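Subject: Structure handover and findings

Hello,

Here is the structure I promised to pass on. Please open it alongside this email; my notes follow below.

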Amino acid sequence: MKEKVFRMIDDSAQELQAYAADVASEPEFGFKEFKTSAKLAAQFDKLGIPYRKGMAITAVKGVLKGGKPGPTIAILGELDAIGCPEHPKADPDTGAAHACGHHMQQSSMLAAAYGLAKTGVMKDLCGNVVFFGVPAEEYVQIAYRKKLRKEGKLHFLHGKGELIYEGEFDDIDMAMMIHSQKRTPGPVVAIGTSSNGFIGKTIQYVGKAAHAADAPDQGINALNAAMLGIMGINALRETFRDDDAIRVHPIITKGGDLVNNVPDDVRIETYVRAKTMDAIDRTNAKVDAALRAGGAAIGAKVNIDTLPGQLPLICNQEMNELFVHNAQEAFPAVEITNAGHFSASTDMGDVSHLMPAIHPFIGGVDGLLHGPDFKVVDFKAAALLPGKAFAGMVIDLLSDDAKEARKILAAFKPALTREQYIAKLDGYFSEEEPDHD
């Protein structure tokens, strides 16, 4: 069965590579992936896979049913691009570019869809497969997303979180996806165990304007307050435990209006990242205290707007092992490495708190993630290899009355229920908005 599916994926390589190139030629930011969504839907039409679209604004969800009832496995591909104006394939108007390999995720997901749908093997399996094009993994353009939330078009500001909120993962039992590995041109599978999660923050310091030379004593310098807040965060770093993998990296997005005026409106954005939600929460309280202390020292008002970000990733060991096994079956020369803990973040972490999930890293690309030098150098390694591994996993999991899938599900204990997840993220929203824009 696997050999049949693997051959079909190889036979479809040209179509899959053309799809990836088409997506890369029109990169779109999160919750704006309308062209990409339409391209994916057209693929499902071609394969005869029933689908729904428009959830979380741009998601596309195709379902391929097995011959008998059983668990449902989701293969995910992210639709959005990242901002990288220097990338050679960046959109000249928006600066968006597929410099993170999300077009490879879509192609690997579609490779599995081609193999499973065109061979008809699903009739011999017990359960279903969801091919899920999901939006807005990159946590960017926050002002735009907050506007969508205010208009009632979104609840959460990232794609998988919004889909969980809308109940679109309620009919899914386990989920998997891949991500490109930086500077790894050969056929490599890097198995990860975890990643950092984060919460987002926007901070406004409100001072009092005055002439910077003639009457600085009449003003309240919001920039000085912001600098003291950042210095306070830096003074905290010695209290961050190495095991928690904490990252706090603020930027000043507005430092004032005119050099001749005492700055009265200064803005900062930052993430608070860590390996566990407990570490995130502890660090968040420290960061807020440091930021407020900066305002108190100068006499400036501090508005802190905290936003739910992405939860830490928890990879399922049994699914990781199955992925490795099938990658080796599909490509015996593949190199298997241990990615360990990933200090960046993914909203696949949100999904992994609810169900068994994996997020291995894949070679076939060179350059840095989010960098202008990122490029695909081996499409077979970057998309076909993981696509075959996904399809092979589906066969392993859903054969023999889905014995393997049922075994994994019976042993799995979710970190959160959907209701607990929503309550957790809702608890991060604050009501402190800027005094003026």
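Let me start with the cysteines. The cysteine sulfur closest to that of Cys315 belongs to Cys100 and lies 16 Å away, so the two are too far apart for a bond. Cys315 counts as buried because its relative accessible area is 13%. Cys126 is also in the buried class, at 7% relative accessibility. Across the whole structure, the search finds zero disulfides. Keep in mind that this is a predicted model.

Domains

The protein chain splits into two domains. Domain 1 covers 1–196 + 313–421, and domain 2 covers 203–310. Their centres, taken over C-alpha atoms, are separated by 36 Å. Domain 1 puts 17 residues into the contact, and domain 2 puts in 12 residues.

There is also a record to compare. An unreviewed UniProt entry places the feature "domain: Peptidase M20 dimerisation" at residues 195–293. In the model, that stretch is 32% helix and 27% strand. The C-alpha atoms at its ends are 31 Å apart.

Ala289 sits in helix α8, which spans residues 277–298. With a relative accessibility of 47%, Ala289 is classed as partly exposed. Gly232 is 57 residues away from Ala289 in sequence. In space, the C-alpha atoms of Ala289 and Gly232 are 8.6 Å apart.

Aromatic pairs

How many aromatic pairs does the structure hold? The count is 10. One of them joins Tyr139 and Tyr271, with ring centres 5.9 Å apart. Their planes meet at 75°, so this pair is edge-to-face. Tyr139 is in the loop between β6 (126–134) and α5 (142–150), while Tyr271 is in strand β13 (residues 265–274). The pair therefore ties together parts that lie 132 residues apart in sequence. Tyr139 and Tyr271 are both buried.

A further edge-to-face pair is made by Phe156 and Tyr165. Here the rings are 5.7 Å centre to centre, with 75° between the planes. Are these two residues buried or partly exposed? Phe156 is buried, because its relative accessible area is 0%. Tyr165, at 31%, is partly exposed. Ring pairs also bring in Tyr421 and Phe429, so that Phe156, Tyr165, Tyr421 and Phe429 are linked into a cluster.

Charges over rings

Two cases to check on screen. Lys32 lies over the face of Tyr144, 4.3 Å from the ring centre. Arg273 places its charged end over the ring of Phe198, at 5.4 Å from the centre of that ring.

Arg145

Where is Arg145 found? Arg145 is in helix α5. Arg145 counts as buried because its relative accessible area is 0%. His158 is 13 residues from Arg145 in sequence, and their C-alpha atoms are 8.6 Å apart. Setting aside neighbours within four places in sequence, the residues in contact with Arg145 include Gly30, Phe31, Ala136 and Glu138. Tyr139, from the aromatic pair above, also touches Arg145. So do Val140, Leu154, Leu157 and His158.

Backbone angles

Two residues have a positive phi without being glycine. Phe31, one of the contacts of Arg145, has a phi of about 65°. Phe31 is in the loop between α2 (13–25) and α3 (34–47). With a relative accessible area of 0%, Phe31 is buried.

Ala56 is the other case here, with a positive phi of about 45°. Ala56 belongs to the loop between β1 (51–55) and β2 (59–65). Ala56 is buried too, at a relative accessible area of 1%.

That is what I have for now.

Best wishes

How values were computed
Residues are numbered from 1 along each chain as its sequence is written. This is a predicted model: local features need pLDDT of at least 70, side-chain atom pairs count only at pLDDT 80 or more; totals for chains, interfaces and linings use all residues. Side-chain values use heavy atoms; hydrogens and water are left out. Helices (H or I, at least four residues) and strands (E, at least two) are DSSP runs, numbered from the N terminus. Buried means under 20% relative accessible area, exposed over 50%, partly exposed in between (1.4 Å probe, protein chains only). A disulfide is a pair of cysteine sulfur atoms within 2.5 Å. UniProt positions are given in the numbering used here, feature names are shortened, and annotations may be inferred rather than shown by experiment. Rings of Phe, Tyr and Trp (its six-membered ring) pair if their centres lie within 6.5 Å; planes under 30 degrees apart count as stacked, over 60 as edge-to-face and the rest as tilted. A charge sits over a ring if NZ of Lys or CZ of Arg is within 6 Å of the ring centre and within 35 degrees of the ring normal. Domain bounds come from an automatic or database domain assignment. Contact means heavy atoms within 4.5 Å.
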